[in-house]
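Subject: Structure handover

Hello,

Here is the structure I promised to pass on. Please open it beside this email and follow along.

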Amino acid sequence: MDSIFKPKLFSVLKEGYSSRRFSSDLMAGIVVGIVALPLAIAFAVASGVSPEKGLITAVVAGFIISFLGGSRVQIGGPTGAFIVIVYSILSEYGFDGLLISTILAGIFLVIFGLLKLGALLKYFPHPLIVGFTSGIALVIFSTQIRDAFGLNIQNVPSGFLAKWTTYFNHFETVNFFAAGLTIFTIFLVVFSKKFTGKIPGSLIAIVIGTLLVQIFKLPVLTIESFFGEIPNSFKMSWPTVNFSELGNYIQPALTIALLGAIESLLSAVVADGMIGGRHRSNTELVAQGIANIVTPFFGGIPATGAIARTATNVKNGGRTPVAGILHAITLLLIMLFFGKWVKLIPMASLAGILIVVAYNMSEWRSFRSILKGSFFDVVVLLSTFFLTVLVDLTVAIEIGVVLSALLFMKRMADMGKSIPQVVDTDIIEDYSKLPKGIGIYEISGPLFFASAKQYCEVLKSTGLKSQIIIIRMRHVPFVDSTGLHNLKEALKILINSDIKVVLSGVNENVNTDLKKASVYTLIGGDSIFGTFELALEEAKLQLKNLKH
């Protein structure tokens, strides 16, 4: 099998693995395991399954994803993004249907990886990703209102509008103890970082909330109220498969596979930026697939890469897949020795944690930024957002991708009617006589969702070889929000590496978009020029200052 499918763990061990590196991975693994504990429980309960299912998923899938994955620091497990999908599949097909859908999704993910489709996900436009992520966040928030306020509702409708209508009709049944506990939990999760860096606020909130309920006998619902006794062990289980109905599970399986692929590769990209690494996207997809094939046989639910836990791993010193494996072992030990007390956790505490998770998922800053951008990006953003909330995530992604392509063609057609003014007519093609230390990179054509990732990857590799990089944009007629997002990420990496950046040949429309996207703030307005000659003069001056 091609080396592209080689797990990062094997590469790390081949390079040599020291005791010093193990000690830092051990500390990171323990911390991430503790962070993952309340989240795994909360995601499982919010999805409609018992809490041990979330812990089993974090242990089994977390271990496999780290052992076989293509990222050095990726942490896998159940995530908030799957709550909506799992709950929907569970309602329609039951628990066996969920297990079968997850196994099929795993098979799809393995196929995606073997066909080397990991790179295709870079063509998903930024507004589409922000739209469905924000939509999922709003749906997660809406699922927690009953438990947050202790409303006396037996069955909450699955539809978004129907759900909120039911809440308003039952709001007179609010339990003020539950509401107070929810607010207290949110306060602890948000502000505990100021008092303790290592212990996660969600764990502190669950422990204190549980103690308050037990000591003062507060009349609020607990996990035991819904699920009864919680086993602190797990065993192999086999879903009942009716092969004549297997076709019914293709669509939910594809939804799980698509979302799992997008979330895991997004998380891996974020991790790359934090450690200066480069993940193997196809290896990652294969590992995610194997994890989702195996985990259901232990009673687990869908899993993918978790951005927040991966970031926690990096911040606590994790630098190899060993940290992820240790995180799974930590969770296993906690489950075996302390799992029997999980049933005492108040539902209001879990609701508070998930409301914070929903807020962090909402990407409201990116949402607001895109709303200030071009009409075309706003259409994709809002269409995907409302379809996710009101219809279905699969429909939202399908329509979002098609809409993005159609609007791009419309934009190119409109551009043909009104060609932007010619900027930067300097004909300088031979850069060999330029001063050593100055690099040149030229972007030709629109910087949009289908080209942005590739351009910016090359830009980073070119820029990191120079002291000053001049980015020529004379042939860039427009930039969409995906292009701006990728350009800003590349510029941040260059600037953090002390590389000076100068832009040349920026036309009026692109210049306006750069200002709105705060690129001016990032590199300084005095580093953006209309012609290459002016940009080169500035680069020579900066190079001279660096030498002095």
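Two strands are said to pair if DSSP finds at least two bridges between them. Please keep in mind that this is a predicted model.

**The sheet**

By that rule, β3 and strand β4 (residues 468–475) pair in the parallel sense, over six bridges. β4 and β5 also pair in the parallel sense, over five bridges.

G439 has I469 in β4 as its bridge partner. I469 in turn has V501 in β5 as its bridge partner. S444 stands opposite H475 in β4.

Burial comes next. Seven of the eight residues of β4 are buried, which leaves the strand mostly covered. In strand β5 (residues 500–504), four of the five residues are buried, so β5 is largely enclosed by the rest of the structure.

Q542 lies in helix α23 (residues 532–547). Is Q542 buried or exposed? Its relative accessibility is 15%, so Q542 counts as buried, because the cut-off for buried is under 20%. The Q542 side chain makes a polar contact of 2.8 Å with the side chain of E538. Beyond its neighbours within four places in sequence, Q542 is in contact with I468, K500, V502 and S527.

**Aromatic residues**

How many aromatic pairs does a search of the whole structure find? The search gives 17. One of them is F338 with W341, a tilted pair at 6.2 Å centre to centre, with 35° between the planes. W341 has 46% relative accessibility, so W341 counts as partly exposed. K340 lies over the face of W341, 4.9 Å from the ring centre.

F408 and F448 are another aromatic pair, this one stacked: 3.8 Å centre to centre and 5° between the planes. F408 sits in helix α18 (residues 393–417), and F448 sits in the loop between β3 (438–444) and α19 (452–463), so the pair ties together parts that are 40 residues apart in sequence. F408 and F448 are both buried.

Two more items belong here. F141, F160, W164, Y167 and F168 form one aromatic cluster. R472 lies over the face of F532, at 4.2 Å from the ring centre.

**Helix α14**

The buried residues of α14 are P321, V322, A323, G324, I325, L326, H327, A328, T330, L331, I334 and M335. Their cover includes α1 (8–15), α2 (19–47), α3 (51–68), β1 (76–77) and α13 (307–315).

**Helix α8**

Helix α8 (residues 176–191) has 16 residues. From first C-alpha to last, α8 reaches 22 Å, close to the 22 Å expected at 1.5 Å a residue. Which residue caps its N-terminal end? N175 does: a side-chain oxygen of N175 lies 2.9 Å from the backbone nitrogen of F177. In α8, A178, A179, L181, T182, T185, L188 and V189 are buried. What covers them includes α6 (145–149), α9 (201–216) and α15 (347–361).

**E263**

E263 is found in helix α11 (residues 250–275). E263 has 11% relative accessibility, so E263 counts as buried. Not counting residues up to four places away in sequence, E263 touches A81, F132, T304 and G305. E263 and A303 are 40 residues apart in sequence, and their C-alpha atoms are 9.9 Å apart in space.

Over to you.

Best wishes

Key: Residues are numbered from 1 along each chain as its sequence is written. This is a predicted model: local features need pLDDT of at least 70, side-chain atom pairs count only at pLDDT 80 or more; totals for chains, interfaces and linings use all residues. Side-chain values use heavy atoms; hydrogens and water are left out. Buried means under 20% relative accessible area, exposed over 50%, partly exposed in between (1.4 Å probe, protein chains only). Helices (H or I, at least four residues) and strands (E, at least two) are DSSP runs, numbered from the N terminus. Contact means heavy atoms within 4.5 Å. Rings of Phe, Tyr and Trp (its six-membered ring) pair if their centres lie within 6.5 Å; planes under 30 degrees apart count as stacked, over 60 as edge-to-face and the rest as tilted. A charge sits over a ring if NZ of Lys or CZ of Arg is within 6 Å of the ring centre and within 35 degrees of the ring normal. The expected span of a helix is 1.5 Å times one less than its number of residues. A polar contact is a pair of N or O atoms within 3.5 Å; within protein, one must be able to donate a hydrogen and the other to accept it, and residues adjacent in sequence count only if both atoms are side-chain atoms.
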